[in-house]
Amino acid sequence: MYTIEHLSHTADIRLHLKADSREELFQAGFEAMNQIIKPDACRKPCPCIINQMVTVSSMDDTTLLIDFLSDVLTLAHEHKAVFCELTILELNPTHLQAHIAGRPANGFEEDIKAVTYHEANVQQNNQGQWETPLIFDI
Amino acid sequence: MSIKKNQLTKLQDYLWELPKETRPDMRVPARVYALEELLDAILNDRSLEQLANVATLPGIVKASMVMPDVHEGYGFPIGGVAATRYPDGVISPGGIGYDINCGVRLLISDLSYNEVKHRLEELSKEMYRQVPSGMGKGGFVKLSAKEMDQVLRNGAAWAVEHGHGAPADLEYTESHGCLPDADPGKVSDPAKKRGRDQLGTIGSGNHFVEVGRVGQVFDEEAAAAYGLKLHQITILIHTGSRGLGHQVATDYLRIMMGAMPKYGISLPDRELACVPLSSPEGQDYFKAMCAAANFAWCNRQVITAECRKAWSNVFGKAGGELKLMYDVAHNIAKIEDHVIDGEKMKVIVHRKGATRAFGPHYGELPEAYRPFGQPVLIPGSMGTASYVLSGTDESMVSSFGSTCHGAGRRLSRRGAKKQVDAPKLIRELKEKGIYIQAGSHRGVAEEAPIAYKDVDLVVETVHQAGIAKKVVKLRPLGVVKG
């Protein structure tokens, strides 16, 4: 289970993600980004005709999440697609391998410039949940 | 650490300083250009904490600075200026922003308000048809791999050579629309893929094409030299390097974060990631940034051609020419000479949401503009006003030849959406003679005038500070948004 909370930011989009597991935190970031690019595009069953593998190695949990989302964003722009399905095949604090599937977007609602490292800090809280702030530059 | 007003020293009515001693990691003081009326809003978000972070950059000289349109960003605040020692001071992609060479250009027409006032809605609609947002769809120009490299190397000149403008346009563009240090080989394939069909597109957010008129003239001589006169119809274009520039910034932030330990650099915010300009990573980024800047100038040049087509479709030959008045970058780093503590120094000037404002007699300027300084274009919000200013000698002394870049946000996008009824706003603006053509009501609400500071106060600050001088005020008549 995960939650996506919207917080205030003067110019960009600031979220707070909270999840029961590290995998779900990545799912939360993935869904949050989709909701910005093309809200509700993934509500309908997905005839997912665009399939991509994403492999990321980073310094730590936090950079891994940001780098993963950045790579998905890049693929979304390259393929003009919205990726609705995420299957994590391998995940540890510095490495991720995943399969993503999506469909042509026919235009985006919002042009996310980047997933930023600013304020991002993946950590486990006292309840054992995984959480981090997340800021998208739009 | 939240910055409080009592931590700031008032140096002038328009200039405040956060002393270097505020934090042990600050290498220089931090300066804020703002009239007191603007300061409370500035203290409301994290702008000044971010400005203090910028003051920790290795090699920074004199002071980190923000302009009166400052607001919270990520890493650097928007409205920030920082200069680092050349060549060993750092270069930071965060000091330029993801939208490399986001900037503004102004086109001027031969027609006056009375000649077009009955056709403004038609003109706005035609502009909307001719200038795509390109979000997730692309634009009318598709580049081959070879053409992409030519664009990255040659900038606006590529567009002119391919029928999207006249050679004279290049003379009226900052750096003539091309940074010679660009190296397409330093731009990643994903960046090139993102950009291949984005020339001639404005994107979303605060980017726009705006039809306006000269509503007030402050400096008759400078206005005449710039070709501006009362009631003249103008077109303002605000956009940047689109996905290509965003990807360049993303790629190099990742590279620099990995390289920083090698150079013994540790910073309070990952978005400030930086390396010495002289390092291999610094050189690679600089060359890629120059290439992305060239892409942005080419983009604004192609949009200029699209605007000219829309203009011609509406007014035919009777509309005359749309002449390029000037084009300025406001997200860029440049190697420039400045006098610091009485000594001429070469520095790497980062402007993130700040405009170059070079004073009179600068050789790059068109001859007619030289006695008055470089034109500075300040877009306001839809429904308020924009300005043309001129650069000054004082800006060269005080702010590394820099000034503000817009009105500056004061409300978050969510805050604006909660307060603004977009269809009502569009109706109200239409009643005032301002026609909005936008891709979504959400975009209109987010960019409503209420979301922005008072552009008059922002401009008054830089005018009083002498870091730019008022020339004319532009009133909006039609706004095209993605």
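Trainee: Which strands does helix α2 of chain B lie across?
Mentor: In this predicted model, helix α2 (residues 47–54) of chain B lies across β2, β3, β4 (64–74) and β5 (76–85) of chain B. The helix runs at about 110° to β4(B).

Trainee: What sheet do those strands sit in, and in what order?
Mentor: The order is β1-β2-β3-β4-β5-β13-β12 in chain B, an open sheet of seven strands with mixed pairing.

Trainee: What makes β1 and β12 of chain B edge strands?
Mentor: Count their partners. β1 (9–12) and β12 (331–340) of chain B have a single partner strand each, so one side of each has no neighbour in the sheet. As for how the neighbouring strands sit, they are turned by 40° against each other on average, ignoring direction.

Trainee: What does A30(B) touch, leaving out residues up to four places away in sequence?
Mentor: L18(B), L51(B), A52(B), A55(B), A63(B) and S64(B). As for P19(B), its C-alpha atom is 6.6 Å from that of A30(B), and the two residues are 11 apart along the chain.

Trainee: Zooming out, how many helices and strands are in chain B?
Mentor: There are 16 helices and 19 strands.

Trainee: And why is chain B called as compact as a globular protein of its length?
Mentor: The globule rule gives 23 Å for 482 residues, and chain B has a radius of gyration of 21 Å, which is close, so the label holds. Along the principal axes, the C-alpha trace spans about 60 × 50 × 45 Å. Buried residues are 65% of the chain. Of the contacts in chain B with a separation of 6 or more, 78% are between residues 24 or more positions apart.

Trainee: On to chain A. What makes strand β2 of chain A largely enclosed?
Mentor: Strand β2 (residues 13–19) of chain A has seven residues and five of them are buried, so the rest of the structure largely encloses it.

Trainee: How do you know that β2(A) pairs with β1(A)?
Mentor: Two bridges would do. Strand β1 (residues 2–7) of chain A is joined to β2(A) by six, running antiparallel, so the pairing stands by that rule. Y2(A), for instance, has A19(A) as its bridge partner. A hairpin of five residues connects the two strands. β2(A) also runs antiparallel to β8(A), with seven bridges, and R14(A) stands opposite I135(A) there.

Trainee: How many residues does each chain give to the contact?
Mentor: Chain A gives 27 and chain B gives 33. On the side of chain A that touches chain B, the elements giving two or more residues are α2 (61–79), β6 (114–116) and β8 (130–137). α2(A) gives the most, six residues. By type, that side of chain A has seven nonpolar, 11 polar and nine charged residues.

Definitions and conventions:
Residues are numbered from 1 along each chain as its sequence is written. Chains are lettered from A and ligands numbered from 1 in the order in which they are written. This is a predicted model: local features need pLDDT of at least 70, side-chain atom pairs count only at pLDDT 80 or more; totals for chains, interfaces and linings use all residues. Helices (H or I, at least four residues) and strands (E, at least two) are DSSP runs, numbered from the N terminus. Axes are lines fitted to C-alpha atoms, for helices over the stretch in contact, and angles run from 0 to 180 degrees between N-to-C directions. Two residues are in contact if their C-beta atoms, placed from the backbone, lie within 7 Å. The radius of gyration is taken over C-alpha atoms; the globule rule is 2.2 Å times the number of residues to the power 0.38. A residue is buried if 20 or more other C-beta atoms lie within 10 Å of its own, exposed if 12 or fewer, and partly exposed in between; C-beta atoms are placed from the backbone. Ala, Val, Leu, Ile, Met, Phe, Trp, Tyr, Cys and Pro count as nonpolar, Asp, Glu, Lys and Arg as charged, and the others, Gly among them, as polar.
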